[in-house]
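Me: I have a model open and want to go through its contacts. Can you take my questions as they come?

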Amino acid sequence: MTSDTTAENRRVPIRLRVNGSTESAAVPPRLLLSDFLREGLGLTGTHVGCEHGVCGACTVLIDGTAARSCLTLAVQADEADITTIEGLAEPDGTLSTVQQAFADHFSLQCGFCTAGFLMSIAGELEQGMTEPEIRELLSGNLCRCTGYQSIVEAAVELAGTREA
Amino acid sequence: MTADDVDDVGTYPDYIVINKPVNQRPLRGDVVRYVGAPIAAVAATDRYAAEDAVEALAATLEIDELSPVMTVEQATSDEAPLLYPEWGDNKVVDLVGDRPEVRAALDAAPHRFTETYVVQRQTPLPMETRGVVAEYRDGRLSVWVSHQSPHIARTTYAMLLGLREADVRVVCPRVGGGFGGKTHVYSEEIVVAHLAMKLGRPVRWIEDRAEHLVASVHARDQRHVVDVGYDDEGHIHAMRCHVICDVGSGEVFMAGTCPSLVSGGVMTGSYDFPNLEVSTTCVVTNKTPAGAYRGFGAPEGVFVMERVIERVARLVGKDPNDVRAPMILQQSQMPYTMPGGGRIDSGSHQQTFERVIELGTEALQRVQARFEDDPKVRVGVGYTNYVEPCVPTYFATTGHWAGYDAATIRIEPDGGATVAVGVAEIGQGMVVTTRMLAADALGMNLDDVAVVMGDTDRAPYGLGAWGSRGAVVMAGSVVKAAEVVLDKARVIAAHKLEAAAADVVLEDGAFTVRGSPGGTAVTWAEVATAGVIRTIELPKGLEGGLDAAATYEPYALEHFPDESGRIHAAATWSNAAHAAVVAVDLRSGHISIEEYFVVHDCGTIIHPNVVEGQIVGGVAQGIAGAMYENLPYDPETGQPQFASFMEYLVPTMSEIPPVQTEHFESPAPEMPLGIKGVGEAGTIGPPAAITNAVCFALADYHLDITETPVTPMTIRAAIRGSKDRT
Amino acid sequence: MKPAVFDYVRPSSVQDAVSALASDPDAKVIAGGQSLVPLMNFRLASPTLLVDISRLDELDFIEVRDDKLCIGAGVRQREAERSVVAARSCALVAAALRWVGHPQIRNRGTVCGSLAHGDPSSELPAVAVATDAEFIVRNRTGERVIAARDFYLAPFWTALEEGDLLTEVRLPVDTPGIQSSVREYARRSGDFAIAGVAIRGTSGDGTPRASVGAFGVASAPVRMTATERLIESGDYSQSALDDAIATDVPSPTSDGQADGTYRLELLGELVILALADCGGRR
Ligand SMILES: Cc1cc2nc3c(=O)[nH]c(=O)nc-3n(C[C@H](O)[C@H](O)[C@H](O)COP(=O)(O)OP(=O)(O)OC[C@H]3O[C@@H](n4cnc5c(N)ncnc54)[C@H](O)[C@@H]3O)c2cc1C
Ligand code: FES
Ligand code: FES
């Protein structure tokens, strides 16, 4: 049986890649990946909007697929390869195609949801997806500002299924 | 830190004269009136540890449960426990309309009906919750806060914390949405600032979603009891309407009573409807305080008016649009004063209405064809017209602050400009709009204009982002300041061009002499260098510096009601018509919005994408209110029955349909550049349009919806009920 | 919304995992964390020890053995959804998974995690009940097999006991001519169902047969035997179907989202739609 005091002070060493660089840290088991990224690494582009998996603002790529960083413990990301919004653009600041499409289509207003949408698209959008498929795919990301239309337009363009 | 530890902090003022005072304390002590009321604050080195402490603290609390007041009926019953015993009742506002001519018209009308309409509780729900970081250093308090009105926040902090206003700096960087909820200056902000001062170190509080759902303002929660008189032609002679709003505990600054006044004030919106009498009661209950939310009372009022129209149409066997048509405002009637005193300055009410009928009629046929083969799906179209009050006075809402805003422009030595304004960016595009407008006013490139807002140290005192006012008051103040700067710039240019200032024109970023194309030109950079740093180049007697400050308030705006309670509280009025085409599945009750149209008029459009984004985003929130979101409480225990996004159903991309917009542009005659507002417009129409469409679709079942949200379950129940009757 | 303190181990074998589970009565398995972490963030669950089984190679398999599709507890929902083996041998699995949350959730959540969690609105437990699946359960003292019909006791309460690890689920494979369908109704895309049904059926030339599992309508997934018998009778009217459903679900769930009457109405419509998907008549 683990006594509470030891559990409280327990730190677990983790080592992971974040946006291409290797990070090592000793983290409490209860630290959420979202908090590790934001507070531990200062990568505040990952936003936190609900901490129960519904809003999608915290979406990052874990080993290449989109996942909720608020529902992942930092210890579970040990040895993983993480990409956050900070890792999407080129090092010289050139926007990725996904980001550029959002800029072109005015797909953001306040921008709070944007990183989550971009990561979901980066991880899960497949070429040739139809608009209904795209809407279903991105239903796990909430936006309160745009009414989604401009986001759908960007995603449809990215999937290459724009109707002529 | 508990209530006792904030003894030295002030009590929120109760500015609004029509409200009974609630004496809101930053932390609540002996009486706690709603789940979510702040009673204690714990500071720790991180949020995890703080939550551990809160959990431990909660276990030690001694609580006597009182019996709660959860509904309007409970609040107004004779045996009701009183939230504020000193009031003698639970009514924070009680305004009785008294228009004998309306009653006479009602009595004279051939037919009458009474009905109660209900609009549920919602919350503005920005995706970014609230957040505060405060630091007290060298005698100055700095607060970074997710807020819509930085200066008003500063004034309130200074007042409650007993600081000189100049010693408080409020910064609102990149606010992640507000929608009205962040206009209020909340207890948590005061508590965090106070803690920072006591502890001598920075303190941060980021609201989590569970907190947000109970601690940030709710809104709507209205019922309207109407008495309507009409005749066989479908002419509505008169209406009495009692607006009753459940404002929760009322402990919020600014108070949340004003939306209900707007509901009554704008409900007849696009219609020529003189015979309206409105009474307004706001009751307090043991729920989260209600406050501002996009639409600010208009969606509720418009929902009621449009449902009344549809009821009359059904009773007399007419197409509802034939009931609307004779009432729709004509251009020749402008300016038109509504029963509540709001003076509609201009608009295209008839054109938007006619155009949306064309769009809706075509779409109805398309959608009917789509579902032709499915006997279990019924299709319908629904319409609504409305006006959006823009650039309102804040005085009626706050008892403080009126309707103005401010700008300063400083031309920099390199010929660029720094434009600082008192309005705020909350994601609605105010920075780009300001930059475009200022560049235009100053004859500069977009890239040469730097915009400053949301920082009380750097921006002039202004009132922030609310009330669909930003573009107008920003433009008014920027244009005025730009004129001052330009006048001086022309004098400098004239001196360099050896011409008269009156002959100097500014085109394509250069000053030239009028009528001499291709002649000598002086650039903005040359004028600026002379004006700011090489002042030896200035004409004799002209002093250095190229900057100006200006404020702007629409002159006709009224801040007090007249003796009959009428007030022209908003300076200009956008208008719109919506059409929704829905397909209702009789099996599941599922409502699918197949097509949605907005024909809109917000006067001169500055930035089309910003306008489009505001309308479409607003419609999505309107749909959320029409069909999805609700905040029910357990009537016995007072416990919220919503704890998360699993219960509070914010619609996703799969539920929000594409929205098609079209525009008319009726410039506001009295506003700078003819601009009106667009921030709240989209939100107003959907509850009415969608409900009307659903009732059209289910005409066979004689459905008459009087309550939102309209859900599949309520539709199934209605279908079942109608089967049982036949 | 942060979890309370707990300790964490990532064992390297199933044996170590069950030992760890036995070491603390308040220990819990964490697989994908997609149900457990939200509960912990709300502090509705505060286990003192988490045993992370998500990387045990031993449990990472999807394969057919003895006419059963066997899915190990390490398999993520998204893998199962895309698995060719699963699609060929038990089409209901993929049909159900596309309704489970969102891809971002399924990328982490596991099949066995959903089965063990026992949410009555979940799709997979109804699939298990409809297909007579078997649950393979290990603890420090050994292994046992629990039939799906004995597994679900009440909302979030299963036959799993302290120290138990669900290592694998085995679903009887589709026989030739089998058609599968999962239908559900929720207010928003990706939400838990208000009502839903999983049907595996044959129509073909012979007697129509169907195995029917319902979810979202009762305190546990329901095997709808009365409905199945009616379908086999080959001749059913709307009112007979309504009666059969009412027999199968005698006390439907009633909550803020939907009352019991509405849930049963929905279920009736969904059964008809799913039967049509399976080639049955409408
Ligand atoms: C936004 C959102 C939407 C969702 N929508 C749906 C939906 O529509 N339908 C649906 O079915 N689910 C839905 N889910 C839940 C999701 O499918 C979960 O992934 C699943 O229920 C649990 O799987 P997991 O691997 O994540 O388990 P965990 O969260 O790790 O564990 C869940 C519980 O099961 C126990 N457990 C897990 N694995 C085992 C095991 N092998 N042996 C013993 N006990 C075990 C844990 O101790 C815990 O009590 C949703 C989740 C979210 C966040
Ligand atoms: S913060 Fe992770 S899904 Fe909302
Ligand atoms: S842009 Fe504000 S939430 Fe999406």
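Me: How many residues does the contact take from chain A and from chain C?
Reply: The contact takes 37 residues from chain A and 35 from chain C, contact meaning heavy atoms within 4.5 Å. This is a predicted model, where local features need pLDDT of at least 70, side-chain atom pairs count only at pLDDT 80 or more, and totals for chains, interfaces and linings use all residues. Residues are numbered from 1 along each chain as its sequence is written, chains are lettered from A and ligands numbered from 1 in the order in which they are written, and side-chain values use heavy atoms, with hydrogens and water left out.

Me: What area is buried between chain A and chain C?
Reply: About 3,100 Å², of which carbon and sulfur atoms give 49%. Buried area is the accessible area (1.4 Å probe) that two parts lose on being put together, summed over both. Arg30(A), Leu71(A) and Gln76(A) supply 22% of what chain A buries against chain C, more than any other three residues.

Me: How many salt bridges between chain A and chain C?
Reply: Eight, a salt bridge being a side-chain nitrogen of Lys or Arg within 4 Å of a carboxyl oxygen of Asp or Glu. Arg98(C) and Glu136(A) meet in a salt bridge through their side chains, 3.3 Å from N to O.

Me: Which element of chain A gives the most to the side that touches chain C?
Reply: Among the elements that give two or more residues to that side are helix 1 (4–9), strand 3 (59–62) and strand 4 (65–68) of chain A. Strand 4 of chain A gives the most, with four residues. Helices (H or I, at least four residues) and strands (E, at least two) are DSSP runs, numbered from the N terminus.

Me: OK, ligand 1. Where does it lie?
Reply: Ligand 1 lies between chains A and C. It is surrounded by 34 residues, and the closest are Val29(C), Gly33(C), Thr110(C), Ser122(C) and Glu123(C); a residue counts if one of its heavy atoms lies within 4 Å.

Me: How far is Ser122(C) from an oxygen atom of ligand 1?
Reply: An N or O atom in the side chain of Ser122(C) is 2.7 Å from a ligand 1 oxygen. With Gly33(C), a backbone N or O atom lies 2.7 Å from an oxygen atom of ligand 1, and with Ala31(C) a backbone N or O atom lies 2.8 Å from one.

Me: Switching to chain B. How much do chain B and chain A bury between them?
Reply: About 2,900 Å², 58% of it on carbon and sulfur atoms. Tyr48(B), Met127(B) and Met653(B) supply 31% of the area that chain B buries against chain A, more than any other three residues. The contact takes 42 residues from chain B and 31 from chain A.

Me: And how many salt bridges between chain B and chain A?
Reply: Three. Arg204(B) forms a salt bridge with Glu39(A), with the closest N and O atoms 3.0 Å apart.

Me: Which helix of chain B gives the most to the side touching chain A?
Reply: Helix 15 of chain B, with eight residues.

Me: Which peptide bond is cis at Pro335(B)?
Reply: The one from Met334(B) to Pro335(B), with omega near -10°. Pro335(B) is in the loop between helix 9 (320–324) and strand 10 (336–337) of chain B. A cis peptide bond also joins Thr708(B) and Pro709(B), with omega about 0°.

Me: What is phi of Val391(B)?
Reply: Near 55°, a positive value in a residue other than glycine. Val391(B) is in strand 12 (residues 377–392) of chain B.

Notes:
Polar contact = N/O pair within 3.5 Å; in protein donor to acceptor, adjacent residues only side chain to side chain.
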